[in-house]
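Work through the exercises below on charged side-chain pairs. Try each task before reading its solution.

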Amino acid sequence: MGPSLYWWAKETHKGTPVVVKMENPNNWSMVELESPSEDDFLCPNDGVSKGGRNRNAKQLTWVILLKAHKAAGCLTSIGAAFLSLAAIVRRRVAAGKTDSTDKSSLENLTVRSRFYSCIKALLWLSLVLLGFEIVAYFKGWHFGTSDLQLQHLYTFAVRDLFDFFYSKWVLFRVEYLAPPLQFLANVCILLFLIQSLDRLILCLGCLWIKLRRIKPIPKTGVLDLESGDGDTYFPMVLVQIPMCNEKEVYQQSIAAVCNLDWPKDRLLIQVLDDSDDPTTQMLIRDEVNQWHQNGANIIYRHRVIREGYKAGNLKSAMNCSYVKDYEFVAIFDADFQPNSDFLKKTVPHFKDNEELGLVQARWSFVNKDENLLTRLQLINLAFHFEVEQQVNGIFLNFFGFNGTAGVWRIKALEESGGWLERTTVEDMDIAVRAHLHGWKFIFLNDVECQCELPESYEAYRKQQHRWHSGPMQLFRLCLPAIIKAKIKVWKKANLIFLFFLLRKLILPFYSFTLFCIILPMTMFIPEASLPSWVVCYIPATMSFLNILPAPKSFPFIVPYLLFENTMSVTKFNAMISGLFQLGSAYEWVVTKKTGRSSEGDLASLVEKTPPPQRGTSEPNLEELKEEIAQKVHKASKKKKHNRIYTKELALAFLLLTAAVRSLLSAQGVHFYFLLFQGISFLLVGFDLIGEQVV
């Protein structure tokens, strides 16, 4: 019987605590091992226990030795982990690869250097103040915020020059620094509470939907589609797959789309290749030709002038003359793999619903358990789809288009002005303009489309920069149109205050300012303070609500809370870039893909693979797996590096410095928060959270 998995449980087993099999002193095995209970050591009757059996001293010796061996093993494992971590950090430092040497970085060099310089200035100031405070502490200045009164300072006897300067410093921060810092803290706390209330309302709305089992129901169901009679609803559907230098994933996405269950004469697939790599172009073109020869209605398009990124690519494709023959367009990014019944579950919602402009499906992820970074992303995206998109779709008939895994009515796109290249969030742009023109949206939480999550912090960081700078660009451009739009006032208020300001601007602003700047500064200016419920209880409650749609992720609730605050530096920087039209706001970098696919996906594709051609043998699962393995092996030969992120490291040392200062004031909750948040920044700064290359 092994030990209980619950360390708080009380063991009540009595009897021989250890059963050890020994062949010789160097060869032994443990058959059963349990810690002895207190009763096992009680021998009231001349060494005889309550059970009436003699205790062997040799057995007790083995218990102690094995316990010591187990403890030593744990310490050895912990030590080995720390040594391995130190070796990785040493290699990162020796390699010298930082975010400043990343040529593909989205951030403008001038903006990045200014932002980093501000953080460094705060770090050096905190180090100087920490030394100053430590000296003052050992010279007897032991007062905290609660017992600090100005009149007491004027009565202090100045014993030496240091006391004179320190008393002047205390008076200066009390009169000039603490009031504005406390005011800024109160503003951020108010914004924090408003955003938390919004999050709570969304969760209550999701709960209401679950309890009432509310879901969009098409007027024409799947059964009507499968009946085969004359009343079936099979409109003309155009499917677009925009891609750019994504040779890791093009095969599986093209295969999945070509296997969509829809009449071939009413379906056209456009592969919109914006790749500038000739090898990638050739591979994608050959793949399209093979599927075309096998009967798929698919064409390959390549732009010579790649303007406007994804929006320009989609706009160019919609200008083709044959598009006028189609009523709907489904869009899938290069790493998305729709199920064969995707169109049968989405398109029927358009029938007899002329106001409906968009049907959006939910994303699912093939690599959600790949590493800690993908697990933390899953929490955010699960909340986004399960709560935000579903609640807004049910109650408002509006939400931000996710850019993929959705079906648009082409008429809605045309009336809204089509795809525009003015921002890096063309999906949100077209959704807002369609909403202003009166079109309604539906979100299907039970229809999923598989895709990939970024596995490296570098790729995730660039993705988040684009996702948070684009909305601020769009807000500046759309604000006049929103004010002038002929829609209800409450819809305008929802767009301006909730959709843009609260969820796109205020969230990254207070998250970075409150927890990464104000909190550490209050350690050095204790006259301004943050209550414990702001630092601990409300963030923990909000993290709990965020993690509810992904219940299997509950063990990661603390890392999730810390990581979200860590990502606030990237989101805040992106928000500022987009709001003030800085150079980095208009750059687009395609998120790196690995081409991961589950064995079940491969098997389903093998079953649906068209008949062989050109005398080749029919492909099977083993051949596909071998082909994917070869591609991964070739990709692994390319030189890749994990980088050091300087802003995150500077903030890590700032928070750790503030944690040391909080010890002088005996602020327990603040100390632990600053300590673990500083460690989180440290891990991210050394790129230890995602894919490990070097």
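**Exercise 1.** Find the distance between the closest N and O atoms of D341 and K345, and decide how accessible each residue is.

*Solution.* The model is predicted. Step one: the closest N and O atoms of D341 and K345 are 3.3 Å apart. The cut-off is within 4 Å, so the pair forms a salt bridge. Step two: D341 has 28% relative accessibility. K345 has a relative accessible area of 35%. Partly exposed lies between buried, under 20%, and exposed, over 50%. Therefore D341 is partly exposed, and K345 is partly exposed.

**Exercise 2.** Classify R422 and D429 as buried or partly exposed.

*Solution.* Start with the contact. R422 and D429 form a salt bridge, with the closest N and O atoms 2.9 Å apart. Next, accessibility. R422 is partly exposed because its relative accessibility is 28%. D429 has a relative accessible area of 0%, so D429 is buried.

**Exercise 3.** Locate E426 and K310 in the chain, and state whether they are buried or exposed.

*Solution.* First, the contact: the side chains of E426 and K310 form a salt bridge, 4.0 Å from N to O. Second, the location: E426 sits in helix 13 (residues 426-436) and K310 in helix 9 (residues 309-318). The two are 116 residues apart, so this pair links distant parts of the chain. Third, accessibility: E426 and K310 are buried.

**Exercise 4.** Which residues are linked in a network with E133, and how many salt bridges are counted?

*Solution.* The network of salt bridges links E133 with R173, E527 and R661. The count comes to 24 salt bridges.

Note on methods. Residues numbered from 1 in each chain as written. Predicted model: local features only at pLDDT ≥ 70, side-chain atom pairs only at ≥ 80, totals over all residues. Heavy atoms only, no water. Helix = DSSP H or I, 4+ residues; strand = E, 2+ residues; numbered from the N terminus. Buried < 20%, exposed > 50% of the residue type's maximum accessible area, 1.4 Å probe, protein only.
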